[in-house]
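Here are my notes on this one, point by point. Have the coordinates open while you read.

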Amino acid sequence: TDTESYAVKRMYCAGIMSGTGDGKFSPNASLTREQAATMINNLFTFCSKALPAANATFADNSDISSWALDSVGKVQAAG
């Protein structure tokens, strides 16, 4: 509800991004590593080029949200 961007709406409909909750996209907020990794992973999946499963190996793994942990691991392993 906080953006009129056609591109954002297309990415939402394609399942590449889901926003920040409560129907919001938060276009002026900083992009986190978790969000970026999730969008990259979703984009690869959308393009039928799923990234292989991998565990994240960052020193701060315990700080990665559960909803992003799979994507962060896949994107880190993909380089």
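1. Across the chain, buried residues make up 22% of the 79 residues.

2. Some housekeeping. This is a predicted model, where local features need pLDDT of at least 70 and side-chain atom pairs count only at pLDDT 80 or more, while totals for chains, interfaces and linings use all residues. Residues are numbered from 1 along each chain as its sequence is written, and side-chain values use heavy atoms, with hydrogens and water left out.

3. The chain has three helices and zero strands, running α-α-α from the N terminus on; helices here are DSSP runs of H or I with at least four residues, strands are runs of E with at least two, and numbering goes from the N terminus. The C-alpha atoms fill a box of roughly 35 × 30 × 15 Å along the principal axes. Taking contacts (heavy atoms within 4.5 Å) between residues at least 6 apart in sequence, 42% join residues at least 24 apart.

4. E34 is the residue I'd look at. E34 lies in helix α2, residues 33–46, and is buried yet has no salt bridge. The nearest side chain of opposite charge is R33, 6.1 Å away (Lys and Arg count as positive, Asp and Glu as negative, and His and the chain ends are not counted). What does the side chain of E34 have a polar atom close to? The backbone nitrogen of S65 lies 2.4 Å from a polar atom of that side chain. Leaving aside residues up to four places away in sequence, E34 touches D63, I64, S65, W67, A68 and V72.

5. How many salt bridges does a search of the whole structure find? Three, using a side-chain nitrogen of Lys or Arg within 4 Å of a carboxyl oxygen of Asp or Glu. One of them joins D60 and R33, with the closest N and O atoms 3.0 Å apart. This pair links distant parts of the chain: D60 is in the loop between α2 and α3 (69–78), R33 is in helix α2, and they are 27 residues apart. D60 is partly exposed at 29% relative accessibility, and R33 is partly exposed at 36%.

6. The charged end of R33 sits over the ring of F58, 4.6 Å from its centre; the test wants NZ of Lys or CZ of Arg within 6 Å of the ring centre and within 35 degrees of the ring normal.

7. Next, the D70 and K74 salt bridge, at 3.2 Å, N to O. Both residues lie in helix α3, four residues apart, about one turn of the helix.

8. E4 and K9 meet in a salt bridge of 3.5 Å, N to O; E4 is exposed at 66% relative accessibility and K9 partly exposed at 39%. At the start of helix α1 (residues 6–13), a side-chain oxygen of S5 reaches to within 3.4 Å of the backbone nitrogen of A7. Just after α1, G15 takes a positive phi of about 80°.

How values were computed
Buried < 20%, exposed > 50% of the residue type's maximum accessible area, 1.4 Å probe, protein only. Polar contact = N/O pair within 3.5 Å; in protein donor to acceptor, adjacent residues only side chain to side chain.
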